[in-house]
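Student: I would like to go through some of the labels used for this model and ask what stands behind each one.

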Amino acid sequence: MNISKLHIINFRSYHNQQFTFKKGVNVLVGDNGVGKTNVVEAIHYLSLARSFRGTDDEDLIKKETELAEINATVNQGDIVKQIKILITKNGRKVFINGKPINKISELSNAVNVIVFEPKDVMMFRGLPKVRRNFIDISLSKKSPVYLEYISRYEKLLKKRNDILKSDNVNVTLLEANTELLIRTSETIVNYRVVYMKDINDILNKITRALAHEDIKIDVIYKPYITPNQNFYQDAKNAYKRALESDLRNKATTIGIHREDFYINLNGREIGTFGSQGENRLVALALKLTPYFLIEDEDKKPIVVLDDVMSELDTPHQKRLLEFIQKFDQVFITTTKLINDNINSYQIK
């Protein structure tokens, strides 16, 4: 998968700018603050219709204008798709080959982008929500049906929390909702268990290639209920034990929305004992794993590395550049020209 053309209008700092990109590595070079990240932000927006910087849509629209627009030509093997996204202060509209789409999952299936940005260095030291988001987004790209289960779970969770917030909790309704929540969460847990195993299988290879060292990485997933043939009953018992706490907090205190995973580096938890360099290296490797877990060559994700080179020494920069040569398309933002033989675009 690759983007051959990108046209952004009134997006962030850009009034009207067109880019023609090539397969392989594309480097956006320019001083800090000139808008390099804005370009890759637009590329990522094509995948999930949201900013990886956590910015509200309204803030993506150039000041003193009412509408931002992203247009792109996306190639999946012999299939060419035209993506158009209109961003207004009242919402957004997405078109694929001129036809409006109703679900973001349709866009997610059409364009796949993975991003590594500076704040990802703190992935293992930050909130569990950050790690869950990574797993949910990555898994949704590999198995679109997983996104449907997550959406279903979130609706059931909201309904259960609404019941808990009522002045007189309807116990019968609460139990019925909890049963549906458990059934849905069992499928999600099973998906996560398999995906974590897949990550474990590839993560060591990526980390060793980038670090050039013999290190041992273990991804350890902590499901709220251990998956087995008694999952439903075990989960039901867990919800009974948590009921008093749920009623007191007026919120669901256990479930897949509270799960987490952590990573051991050579037997020690990296978030607690790892150096910043080790955290950066493993976080980068983890962010690259989805590329290798998608089997369809035409649907391999576009990779964005935002300001990653400034944090790496020369040997690690060289190994990273060698490693990403195998990817279909990569975008790197940097303040310095990396290599004269790589496709480079000067951003001013």
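Student: How many aromatic pairs does the structure hold?

Tutor: The structure holds 13 aromatic pairs. Rings of Phe, Tyr and Trp (its six-membered ring) pair if their centres lie within 6.5 Å; planes under 30 degrees apart count as stacked, over 60 as edge-to-face and the rest as tilted. This is a predicted model, in which local features need pLDDT of at least 70 and side-chain atom pairs count only at pLDDT 80 or more, while totals for chains, interfaces and linings use all residues. Residues are numbered from 1 along each chain as its sequence is written, and side-chain values use heavy atoms, with hydrogens and water left out.

Student: Why is the pair of Y146 and Y191 called edge-to-face?

Tutor: The ring centres of Y146 and Y191 are 5.6 Å apart and the planes stand at 65°, so the pair is edge-to-face.

Student: What does the pair of Y146 and Y191 tie together?

Tutor: Y146 belongs to helix 4 (residues 144-165) and Y191 to helix 5 (residues 171-211), so the pair ties together parts that are 45 residues apart in sequence. Helices (H or I, at least four residues) and strands (E, at least two) are DSSP runs, numbered from the N terminus.

Student: Is Y146 buried or exposed?

Tutor: Buried means under 20% relative accessible area, exposed over 50%, partly exposed in between (1.4 Å probe, protein chains only). Y146 has 0% relative accessibility, so Y146 counts as buried. Y191 has a relative accessible area of 24%, so Y191 is partly exposed.

Student: What makes Y224 and Y239 an edge-to-face pair?

Tutor: For Y224 and Y239 the distance is 6.3 Å centre to centre, with 75° between the planes. Y224 sits in the loop between strand 9 (217-222) and helix 6 (231-249) and Y239 in helix 6, so this pair joins parts that are 15 residues apart in sequence.

Student: How do you know that Y224 is buried?

Tutor: Its relative accessible area is 18%, so Y224 is buried. Y239 is at 3% relative accessibility and therefore counts as buried.

Student: Which residues do ring pairs link into a cluster?

Tutor: Ring pairs link Y14, F19, F21, F331 and Y345.

Student: Where is L247 found, and why is L247 called partly exposed?

Tutor: L247 is found in helix 6. Its relative accessible area is 37%, so L247 is partly exposed.

Student: Why does D298 count as partly exposed?

Tutor: D298 has 36% relative accessibility, so D298 counts as partly exposed. D298 is found in the loop between helix 8 (276-293) and strand 12 (302-306).
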